[in-house]
Amino acid sequence: MAKKVKTNKRQVILEEAAKLFKAKGFSGTSMRDLGSQVGMEAASMYNHISSKDDILESICFHVSNTYISQLHEIEQLPVSYVGKLQALIRLHIRLMIEDGAAVSVANNDWKYLSDDKLQQFKDARKSYEKGFAALIEQGIEAGEFQPMNVSVALFTILSAVRWVELWYRPGRGITAEELEENIMTILLNGLAK
């Protein structure tokens, strides 16, 4: 039972840390700031985390592991390459809507990871990008996508969904589902009628 409480406290610390890191940046957030946010003394938090670096690692690798595991699942789906690409784009949008602070930290504060973790994270990002690019390339070869430079397609898609974590919140006059459909339409069909 105590283990579950500890895990829940740790999860609360990670969630609140992600929000603070998004708002103030990793380097601009102190353990005292975080303790105040979660209602704990900074010293008490060390019962649940080992350091601020531990928090950053947990957030960054949670996000990268989620993307990579979802990519592997999507690669195995018995659907067209268009369907696989749609699933990947939806994954990005959904994660940004549901866990935007953590995605923001993984996108912006990863450079503060310690040296060995930094290299692991860069390798994970490259692996994900390589897998995503392979799906685009296979879709081009299968005749489902227009012939184009795969890197341009990949980074256009990734850049085109990245803004969601900065902009989206309830009350913007669009539901999460409508946002997802609008983005899918623009990315896969363009604006031209």
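**Exercise 1.** Is phenylalanine 61 buried or exposed?

*Solution.* The model is a predicted one, in which local features need pLDDT of at least 70, side-chain atom pairs count only at pLDDT 80 or more, and totals for chains, interfaces and linings use all residues. Residues are numbered from 1 along each chain as its sequence is written, and side-chain values use heavy atoms, with hydrogens and water left out.

Step 1. Recall the classes: buried means under 20% relative accessible area, exposed over 50%, and partly exposed in between (1.4 Å probe, protein chains only).
Step 2. Phenylalanine 61 has a relative accessibility of 16%, and therefore counts as buried.
Step 3. Apply the rule to two other residues. Phenylalanine 121, at 2%, is buried, whereas serine 51, at 23%, is partly exposed.

**Exercise 2.** Determine how the rings of phenylalanine 61 and phenylalanine 121 are arranged.

*Solution.* Step 1. Rings of Phe, Tyr and Trp (its six-membered ring) pair if their centres lie within 6.5 Å; planes under 30 degrees apart count as stacked, over 60 as edge-to-face and the rest as tilted. This rule gives 7 aromatic pairs.
Step 1. The centres of the rings of phenylalanine 61 and phenylalanine 121 are 5.7 Å apart and their planes stand at 90°, so the pair is edge-to-face.
Step 2. Locate the partners: phenylalanine 61 belongs to helix H4 (residues 52-76) and phenylalanine 121 to helix H7, 60 residues apart, and the pair thus links distant parts of the chain. Helices (H or I, at least four residues) and strands (E, at least two) are DSSP runs, numbered from the N terminus.

**Exercise 3.** Describe the packing of helices H5 and H7.

*Solution.* Step 1. Helix H5 (residues 81-98) and helix H7 (residues 115-141) pack at about 150°, with 9 Å between their axes; axes are lines fitted to C-alpha atoms, for helices over the stretch in contact, and angles run from 0 to 180 degrees between N-to-C directions.
Step 1. H5 is therefore roughly antiparallel to H7, since angles under 35 degrees count as roughly parallel, over 145 as roughly antiparallel, 65 to 115 as roughly perpendicular and the rest as oblique.
Step 2. Name residues in contact (heavy atoms within 4.5 Å): those of H5 include Tyr81 and Leu88, and those of H7 include Phe132 and Ile136.

**Exercise 4.** Why is helix H6 described as largely enclosed?

*Solution.* Of the 9 residues of H6 (residues 100-108), 7 are buried, so the rest of the structure largely encloses this helix. Among the buried residues are Gly100, Val103 and Ala106.
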